[in-house]
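Subject: Structure for your files

Hello,

Here is the structure I said I would pass on. My notes on the aromatic residues, the cores and the strands follow below.

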Amino acid sequence: MRKRMVIGSYVTLMVVLAVATGLEHRYGTEFVGRQVYGTGWFFALWAVLAVGIGGAIVRARLWRNWAVGGLHLAFLWMLAGAAATALTGRQGHVRLFPGVPVRHYTDAATDGRQELPFVLCLDSFRIRLHRQTLHPSDYVSYLRIDGQPARVSMNRVLERRHYRFSQASYEEDGSSWLSVSRDPWGIGLTYVGYGLWGVSVVGLLFFRKRLPDGDVERESGSTVRVRSKRPWGDAVQTLASVSVLLLLFLQFGLRWKKGGHIPLSNGFETLLFLALCVLSVSIAYSRRFPILQPVGLWLSAAALVMAFLGPMDASVSPLAPVLASPLLGFHVATVMAGYALLALVFAVGVAGLLRPARREELARLSRRLLYPAVCFLGTGIFLGAVWANQSWGRYWAWDPKEVWALVTFMVYGVAFHRRSLAWLRRPLGWHLYLTGAFLTVLMTYFGVNFLLGGMHSYMGG
């Protein structure tokens with residue numbers, strides 16, 4: 001009964017999160033905030049899941065495997081931080097006019113005025129431009145707090161007495177809008193969870209000889225071969241893969257040099273990086289898993305076709321102010337590396353469905369790819385949360401891209417619990433699930449960009 005409740009809450013959360021993004025697109029952010037994300041039943045679903053995770057740690061004695069136990073403990077810390085933010089945190093905004101002192105802000109939940117423990121005064125608001133262009137590079141509000149000079153800009157949050165101010169917008173009359181947040185407990189708890197996640201991922205991928213659910217890291221007989229009938233076929237595949245990879249590195253490097261920043265700021269560039277990651281992995285492991293080479297070549301070709309023939313802007317342009325952060329490269333690169341590995345998992349799953357005689361060994365290959373894929377995806381999500389906290393003063397905003405990335409993470413997380421789900425222990429069930437799960441990746445990357453919008457809509461450009 002307890003197991004069914006946890007599974008039920010997990011599945012319900014995934015469905016609710018997916019539906020909520022559609023409701024937000026139709027009825028607006030405030031509607032889903034009131035009717036979904038801010039409700040008691042939504043909080044209760046996460047509470048049931050937290051109790052289930054805690055129970056799993058105890059029943060399975062996960063502390064005996066510190067990496068796996070650490071991952072579960074990390075989720076508990078993150079959920080505790082989210083609960084603290086929901087219960088004790090505050091969000092709001094304030095409009096500042098030059099030379100006008102202000103001692104209150106508007107609470108986002110109640111629309112009422114809340115008093116600040118100090119006086120804010122805007123000296124001036126300025127728009128900085130990229131050199132020799134009219135493109136903004138930063139938005140800066142020069143303030144005084146109780147007479148002391150201070151500054152707020154994009155990717156630079158101002159913190160005073162547990163209040164955090166971030167640059168939200170501005171008006172033509174020189175006034176500045178700041179987002180206001182107060183979260184004395186949630187941020188710290190959540191960051192502890194992120195730290196536990198990072199340590200546990202390193203332990204899981206690099207220092208453990210046995211992976212969860214009994215998957216031995218060095219499985220015998222796991223070399224999956226798909227050789228060409230012609231002797232020269234493999235050589236042609238290798239030459240084509242290496243040639244395309246070199247061209248991608250050249251393209252990536254030239255865009256980096258011309259733009260002056262890592263080229264991961266729009267949909268075109270991320271598709272290039274996706275193709276680069278897929279080819280790099282497929283070539284690196286082609287000797288042990290020869291099936292990856294043709295699979296990687298076809299997947300990278302598909303990504304490049306979408307990049308060059310799709311409705312994406314391929315021009316090299318200055319960074320938007322919100323993207324001008326060192327965390328851009330880390331966040332986007334880790335997420336896209338995760339997507340690249342999940343694309344390979346999808347392709348291997350399709351091969352497993354089409355080749356019944358090879359399903360078992362293809363399932364082993366799929367599992368080997370899945371572990372780093374989900375670790376990269378989770379790390380990228382959490383790096384994005386840290387970046388959001390530095391840019392907007394809060395680590396999670398229920399933006400459609402954030403929500404669908406979380407849904408994707410949760411959908412693939414199911415695959416790590418084969419002991420509890422008998423149908424996943426069968427190769428056919430495994431391949432069917434992992435093939436279907438890739439729909440969430442497509443929705444996260446393409447569907448949100450072109451259908452739902454949100455704070456990450458620039459990725460479609």
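One aromatic cluster is formed by Y37, W41, F42, W46, W396 and W398. The model is a predicted one, in which local features need pLDDT of at least 70 and side-chain atom pairs count only at pLDDT 80 or more, while totals for chains, interfaces and linings use all residues. Residues are numbered from 1 along each chain as its sequence is written, and side-chain values use heavy atoms, with hydrogens and water left out.

Aromatic pairs

There are 27 aromatic pairs in the structure. Rings of Phe, Tyr and Trp (its six-membered ring) pair if their centres lie within 6.5 Å; planes under 30 degrees apart count as stacked, over 60 as edge-to-face and the rest as tilted. F42 and W398 make an edge-to-face pair, because their ring centres are 5.4 Å apart and their planes stand at 75°. F42 belongs to helix 3 (residues 40-59) and W398 to the loop between helix 10 (359-392) and helix 11 (400-413), so this pair ties together parts that are 356 residues apart in sequence. Helices (H or I, at least four residues) and strands (E, at least two) are DSSP runs, numbered from the N terminus. F42 is buried at 3% relative accessible area, whereas W398 is partly exposed at 21%. Here buried means under 20% relative accessible area, exposed over 50%, and partly exposed in between (1.4 Å probe, protein chains only).

F346 and F438 are stacked, since their ring centres lie 4.7 Å apart with the planes at 20°. With F346 in helix 9 (residues 327-354) and F438 in helix 12 (residues 427-452), the pair ties together parts that are 92 residues apart in sequence. F346 is partly exposed, at 26%, and F438 is buried, at 12%.

Two arginines lie over the face of W430: R367 at 5.6 Å from the ring centre and R418 at 5.8 Å. The criterion is NZ of Lys or CZ of Arg within 6 Å of the ring centre and within 35 degrees of the ring normal.

Cores

The largest nonpolar core has 114 residues, and L17, W46, L370 and Y412 have the most contacts inside it. Such a core is a set of buried Ala, Val, Leu, Ile, Met, Phe, Trp, Tyr and Cys residues joined through side-chain atoms within 4.5 Å. Helix 9 gives the most to this core, with 17 residues. Leaving aside neighbours within four places in sequence, L370 is in contact (heavy atoms within 4.5 Å) with L342, V345, Y412, A415, F416, W430 and L434. Another core, of 17 residues, lies apart from the largest one and includes V94, F118, L122 and V152.

Strands

Strand 1 (residues 90-96) pairs antiparallel with strand 2 (residues 102-107) over 2 bridges; two strands pair if DSSP finds at least two bridges between them. G92 has D107 in strand 2 as its bridge partner. The hairpin of strand 1 and strand 2 has 5 residues between the strands, and G99 there takes a positive phi near 80°.

Strand 2 also runs antiparallel to strand 3 (residues 113-129), joined by 4 bridges, with H104 opposite E115. Their hairpin has 5 residues between the strands, and D111 in the turn has a positive phi of about 65°.

Strand 4 (residues 136-145) and strand 5 (residues 148-153) are antiparallel and joined by 6 bridges. R144 has P149 in strand 5 as its bridge partner. In this hairpin 2 residues separate the strands, and D146 takes a positive phi near 50°.

Regards
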